[in-house]
Amino acid sequence: MTTELALERLTPERLVAFADELAGLLVDAVEGGASVGFLAGLDPREAARWWRGRAPEVAAGRLETWVVHDGGRLTGTVGLALADKPNARHRAELVKLLVHRDARGRGLGRALLALAEREAARSGVTLLLLDTQTDSPAESLYASSGWTRLGVVPDHAADPRGALSPTTFFYKLLAADA
């Protein structure tokens, strides 16, 4: 049985409309051990509030967010945080690449990553940056997708259990679309 994948760029209104589903995705990531800025025991209501709080950033053009629906269910997301300083408008940070644990292994993360890269290049971004927990599955995804490992910072962020862990920083140069 095949399911239909649908990618969608979220407007501020759509982000708010999907806040509860995005919260479920974020809670799943934290429960699965992903170091994505939150600690274990993340309350879904707090996660939904966090997502709704991103709507002004989307409205202001500082954040672009996409979701993937698999068979009608929201199973992944990725964002680009755009620089707002005049000397940095050529770069963006890849943020919150999340795929629900029960939807992994089917290429959704790679598809979201490629989408973010394409859209960044299309909008004139030529440098992407990201960070991820060292030795995480995400680190392998970025390395195998042509990202360059910049280095590791020890004790950079707490994992969901609260233990300090190293973070690997990556960058990718893009050719801007004409």
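Two rings of Phe, Tyr or Trp (for Trp, its six-membered ring) make an aromatic pair when their centres lie within 6.5 Å; planes under 30 degrees apart count as stacked, over 60 as edge-to-face and the rest as tilted. With that in hand, welcome to this predicted model, in which local features need pLDDT of at least 70, side-chain atom pairs count only at pLDDT 80 or more, and totals for chains, interfaces and linings use all residues. Residues are numbered from 1 along each chain as its sequence is written, and side-chain values use heavy atoms, with hydrogens and water left out.

Let us begin with the rings. Searching the whole structure turns up four aromatic pairs. One aromatic cluster is formed by Phe 38, Trp 50 and Trp 51.

Val 16 belongs to helix α1; helices (H or I, at least four residues) and strands (E, at least two) are DSSP runs, numbered from the N terminus. Leaving aside residues up to four places away in sequence, Val 16 touches Arg 52 and Ala 55, where contact means heavy atoms within 4.5 Å. Val 16 counts as partly exposed because its relative accessibility is 40%; buried means under 20% relative accessible area, exposed over 50%, and partly exposed in between (1.4 Å probe, protein chains only).

Next comes helix α2. This helix has 13 residues and reaches 18 Å from its first C-alpha to its last, close to the 18 Å expected at 1.5 Å a residue; the expected span is 1.5 Å times one less than the number of residues. Among its buried residues are Leu 22, Leu 25, Leu 26 and Asp 28. The buried residues of α2 pack against α1 (12–17), α3 (44–52), β2, β3 (73–82) and β4. After α2 comes Gly 33, with a positive phi near 95°.

What about the charges? Side chains of opposite charge can pair when their charged atoms come close. A salt bridge here is a side-chain nitrogen of Lys or Arg within 4 Å of a carboxyl oxygen of Asp or Glu, and by this rule the count comes to 13.

One of them joins Arg 101 to Asp 28, with the closest N and O atoms 2.8 Å apart. This pair links distant parts of the chain, 73 residues apart: Arg 101 is in the loop between β4 (91–99) and α5 (108–122), and Asp 28 is in helix α2 (residues 19–31). Asp 28 counts as buried because its relative accessibility is 7%, whereas Arg 101, at 38%, is partly exposed.

Another bridge pairs Asp 70 with Arg 106, their closest N and O atoms being 2.9 Å apart. Asp 70 lies in strand β2 (residues 63–70) and Arg 106 in the loop between β4 and α5, so this bridge ties together parts that are 36 residues apart in sequence. Asp 70 is buried, at 10% relative accessible area, and Arg 106 is partly exposed, at 48%. Salt bridges that share partners also join Asp 28, Glu 31 and Arg 101 into one network.

Finally, Arg 45 bridges to Asp 43, with the closest N and O atoms 2.6 Å apart. Arg 45 is exposed, with 57% relative accessible area, while Asp 43 is partly exposed, with 28%.
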